[in-house]
Amino acid sequence: MSASEWLSDNLGEITDLVGWHLWLSVLPLVIGLAAALPLGWLAHRSRGLYPLLVALAGLVYTVPSLALFILLPKVLGTRILDPVNVVVALSVYTVALMMRVVADGLAAVPAEAVQSAHAMGYLPRQRLLRIELPIAVPVITAGLRVAAVSNVSLVSMAALLGVPQLGTLFTQGFQLHFYTPIVTGVVLSLVIALLLDGLILLAGHALTPWQPERTAR
């Protein structure tokens, strides 16, 4: 079978796998960021907790993804093929990565900006939401771009457990000794990674309109 024939015959399945891959990559990114924001703020506010939380996050991030996919069903009471396991695992990885990023982003906010907000009568929550977080957006955006690309890559590991996404094409190609599914999966994974990276970059620019535009040299 030629590559074009295989692509034509399997277009519907490929489209479904792209949808699953996107869902399993983006949802943990959103959940992880939502959890990392308060944890990062806590690490920033309590310098005594910072090294502990950073060390714990680093330890969690070193756990192999496949091992986590296998262990989570025992913890959550889910089936081994349940996509929930992938979402939870990648959410944990995103939190582990983004918690330090958020803390460091908040730490990079100029003290003068915080003091000026305090002098203007801003409450701590108002300072965080209106001053500190907006200024920290470029740092947080940079970390989120790394997390997004990492998630797109790690999702593929779930194919070894039978969870449908683009990694399924890798196992199919390996079993059939046919390179077209593998190349298709790699190319589409790269496209998804580039798409998410571009969207996060655009969102970061939209949230920081005061940032000067970079001109190409």
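Trainee: How many salt bridges does a search of the whole structure find?

Mentor: The search of the whole structure finds two. A salt bridge here is a side-chain nitrogen of Lys or Arg within 4 Å of a carboxyl oxygen of Asp or Glu. In general, side chains of opposite charge can pair when their charged atoms come close. Please note that this is a predicted model, in which local features need pLDDT of at least 70 and side-chain atom pairs count only at pLDDT 80 or more, while totals for chains, interfaces and linings use all residues. Residues are numbered from 1 along each chain as its sequence is written, and side-chain values use heavy atoms, with hydrogens and water left out.

Trainee: Which residue forms a salt bridge with Arg-145?

Mentor: The partner is Asp-197, and the closest N and O atoms are 2.7 Å apart. Because Asp-197 lies in helix H9 and Arg-145 in helix H7, the pair ties together parts that are 52 residues apart in sequence. Helices are DSSP runs (H or I, at least four residues), numbered from the N terminus. Asp-197 counts as buried, at 18% relative accessibility, whereas Arg-145 is partly exposed at 28%. Buried means under 20% relative accessible area, exposed over 50%, and partly exposed in between (1.4 Å probe, protein chains only).

Trainee: What separates Asp-104 and Arg-100 in helix H5?

Mentor: They are separated by about one helical turn, because they are four residues apart in that helix. Their side chains meet in a salt bridge of 3.6 Å, N to O. Asp-104 is partly exposed at 32% relative accessibility, and Arg-100 is partly exposed at 42%.

Trainee: Which residues touch the most other members of the largest nonpolar core?

Mentor: In soluble globular proteins, nonpolar side chains tend to be buried together. A nonpolar core is a set of buried Ala, Val, Leu, Ile, Met, Phe, Trp, Tyr and Cys residues joined through side-chain atoms within 4.5 Å. In the largest one, of 23 residues, Leu-29 and Met-98 touch the most other members. Helices H2 (11-45), H5 (83-107), H7 (124-155) and H9 each give two or more residues to this core, and H7 supplies the largest share, seven residues.

Trainee: With which residues is Leu-29 in contact, leaving aside its neighbours within four places in sequence?

Mentor: Contact means heavy atoms within 4.5 Å. Leu-29 is in contact with Thr-94, Leu-144, Ala-147, Ala-148, Asn-151 and Ile-200, those sequence neighbours being set aside. Another core, of 14 residues, lies apart from the largest one and includes Phe-69, Val-86, Leu-90 and Ala-158.
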